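Please have the sequence and the structure open while I talk.

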Amino acid sequence: MNRRTFVSMTIAGAATPLLRRAALAQSTAKARNVVLIHGLFADGSSWSEVIARLQRKGIQATAVQNPLTTLQAGVEATQDVLALQQGPTVLVAHSFGGMILSEAGVAPNVSAVVYIAARAPDAGEDYTALASRFPAPPASAGIVWSGDNGRLSEEAFLRDFGGDLPAEKARVLYAVQEPFRRSLLADKTTQAAWRSKPSWYAVSKEDRTINPDLQRFMAKRMEAKTIEVAASHLSLISQPDAIANLILEAAGQS
């Protein structure tokens, strides 16, 4: 290989991520539909503050009721909602919901994917092994088990999950949290929607449930348009304007 060929290949290789981002940006369709996936220790109502803001902008927003039993069940529930959407749709996930987003987000009508302090695994990746490369977040120690069903203790919920929410509001959210199945934590994705869809990521800088540096790593790896929010893990509730604006940007409506 001569020097000119080597230099040309090096430049092309360095430019590939930039070209990919440019191509994805150009291909992002305007969307009037948004589908929202919740994570562990929550249900679809956790999106209420964001939904209200999207609706004011004329967006049709739908929250998936993720069963939190198996990854496949969550994917199927999301696919059922996606099938009802007419036209381009932005798929959004919080926390564990990012696993479902990575799998279901390859659907043809998904125009963009948005991760809110969410898991963003690669196809077939062991997320637990990936997370172990970073210091364990405090919330991990607050899971209480009843047989195969897990939930956060009230203390951990208020301190480590929604630490920037008024205590009264956090207690209401604690009361409606959906238990999750233990085996859910071992499930792996077979798809990585962020590899083929325009991607956005909101990092929660004060997160005690998913390490903020792990969030930054995943956002950088997917070459996502990234914002950082001074918020707990529940940025979708404590900072709904910032989260809604990010989703509107992904929908081409900002």
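Predicted model: local features only at pLDDT ≥ 70, side-chain atom pairs only at ≥ 80, totals over all residues.

Let me begin with strand 5 and strand 6, the latter covering residues 149-152, which run antiparallel and are joined by four bridges. If you look for Ile-143, you will find that its bridge partner in strand 6 is Leu-152.

What is the order of its strands? This open sheet has six strands, arranged 2-1-3-4-8-9, and the pairing is parallel. At its edges are strand 2, which spans residues 60-64, and strand 9, which spans residues 225-229, and each of these pairs on one side only. On average, and with direction ignored, neighbouring strands of this sheet are turned by 15 degrees against each other.

Let me move to the helix pairs. In general, two packed helices are described by the angle between their axes and the distance between the axes.

The pair I take up now is helix 6, residues 154-161, with helix 7, residues 167-175, whose axes come within 10 Å and cross at roughly 125 degrees. Helix 6 and helix 7 are therefore oblique to each other, and their crossing is right-handed. On the helix 6 side the contact involves Glu-154, Phe-157 and Leu-158, which meet Ala-170, Arg-171, Leu-173 and Tyr-174 in helix 7. By class, the residues of this contact divide into five nonpolar, no polar and two charged.

Next come helix 2, residues 48-56, and helix 10, residues 240-250, which pack at an angle of about 50 degrees with their axes 9 Å apart. These two, helix 2 and helix 10, are therefore oblique to each other, and the crossing is right-handed. Helix 2 contributes Glu-49, Val-50, Arg-53 and Leu-54 to the contact, and helix 10 contributes Pro-240, Asp-241, Ile-243, Ala-244, Ile-247 and Leu-248. How many of the residues in the contact of helix 2 with helix 10 are nonpolar, and how many are charged? There are seven nonpolar and three charged residues, with no polar ones.

The remaining pair on my list is helix 3, residues 71-83, and helix 4, residues 97-104, with axes that come within 9 Å and cross at roughly 60 degrees. That angle makes helix 3 oblique to helix 4, and helix 3 passes helix 4 in a right-handed crossing. From helix 3, the residues Leu-71, Gly-74, Val-75, Thr-78, Gln-79 and Leu-82 meet Met-99, Ile-100, Glu-103 and Ala-104 in helix 4. This contact of helix 3 with helix 4 has six nonpolar, three polar and one charged residues.

Finally, a word on confidence. The mean pLDDT of the chain is 91, and 89% of its residues reach 70 or more. Over residues 1-23, however, the pLDDT is below 50, and this stretch has 13 contacts in the model beyond near neighbours in sequence.

Notes
Residues numbered from 1 in each chain as written. Heavy atoms only, no water. Pairing = 2+ DSSP bridges. Axes fitted to C-alpha atoms, helices over the stretch in contact; angles between N-to-C directions. pLDDT = per-residue confidence, 0-100. Contact = heavy atoms within 4.5 Å. Parallel < 35°, antiparallel > 145°, perpendicular 65-115°, else oblique. Left-handed = near helix turned anticlockwise from the far one by under 90°. Nonpolar A, V, L, I, M, F, W, Y, C, P; charged D, E, K, R; others polar.
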